[in-house]
Amino acid sequence: MAAASLTSRKRALRRSITSTLRALSHDDVGTQSSAIVGRVLSAPWFSKATTISCYLSMPTGEVDTSAIVTAILNSGKNLFVPKVDPTLPGGMDLLRIQDEDDLRSLPSGVWGIKEPTFQYRETPRMKATDEDSHPLDVILIPGVAFDRSLGRLGHGKGYYDRFLSSYSSLALARGHPKPLFVGLALREQVLDAGQVPVGTKDVSVDMAVTPDETIQVIASGDS
């Protein structure tokens, strides 16, 4: 009963936020995205990172990440982007993008999102979960909504929750720190603390970057 209630609450919130996002103008999303990009690129954690995963945004209704992925490549950092495939463990992995030519050549997949193939120029792409892969420092994460306690509402497929959970365990087993989980959110996607319904399998973010602020939760006892 509790699980059914959680699912229905998520579905209702997802429907409400999605309706609001569909009403946003292209210019509004662009203006908000530019402000978010500025905050990300000027953040110390971005400067220090050598390997970053960033989602490739949908044509409408979410933060446009095109400037972020270009900046990652131009700065010489390693870029990994999501690949959804039912044959993959958890249904998703992150694949490396080599350069801007590679990025421009990506075909569009589900929801109009560009997505890499498993090979580039007849060479298998590196996956983030490969043993010889560069450990991820930061994962920039999409969502339908985030709240001020850093709960995240995804699109309902569970791809990111499963990947973030399994990758955290994998990093620990390999002696690497957990990557920083950073949500990117338009103003209309930010809710008050505790407003995103979360279950035991839902993974929260470490911070959420909005056009106006970076939301972080300071643990009790921290200075």
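Trainee: In this predicted model, are Phe163 and Tyr167 buried or exposed?

Mentor: The cut-off that matters here is relative accessible area, since a residue counts as buried when this value is under 20%. Phe163 falls in that class, and Tyr167 does as well, so by the definition the word for both is buried.

Trainee: How are the rings of Phe163 and Tyr167 arranged?

Mentor: Both residues belong to helix H6, where they lie four residues apart, about one turn of the helix. In an α-helix with 3.6 residues a turn, residues three or four places apart point the same way. The structure holds one aromatic pair, and it is formed by Phe163 and Tyr167, whose ring centres are 5.6 Å apart and whose planes meet at 20°, so the arrangement is stacked.

Trainee: Which residue of strand S11 is the bridge partner of Leu184?

Mentor: Strand S9, residues 180–184, pairs with strand S11, residues 207–209, in the parallel sense over three bridges. In S11, the partner of Leu184 is Val209.

Trainee: Which residue of S9 is the bridge partner of Ile141?

Mentor: Strand S6, residues 138–141, runs parallel to S9, and four bridges join the two strands. Four of the five residues of S9 are buried, so this strand is largely enclosed by the rest of the structure. Within S9, the bridge partner of Ile141 is Gly183.

Trainee: How far from the ring centre of Phe181 is the charged end of Lys178?

Mentor: A charge sits over a ring when, among other conditions, NZ of Lys is within 6 Å of the ring centre. Lys83 lies over the face of Phe118, at 5.2 Å from the ring centre. The charged end of Lys178 sits over the ring of Phe181, and its distance from the centre is 3.6 Å.

How values were computed
Residues numbered from 1 in each chain as written. Predicted model: local features only at pLDDT ≥ 70, side-chain atom pairs only at ≥ 80, totals over all residues. Heavy atoms only, no water. Buried < 20%, exposed > 50% of the residue type's maximum accessible area, 1.4 Å probe, protein only. Pairing = 2+ DSSP bridges. Phe/Tyr/Trp six-rings, centres within 6.5 Å; stacked < 30°, edge-to-face > 60°. Lys NZ or Arg CZ within 6 Å of the ring centre and 35° of its normal.
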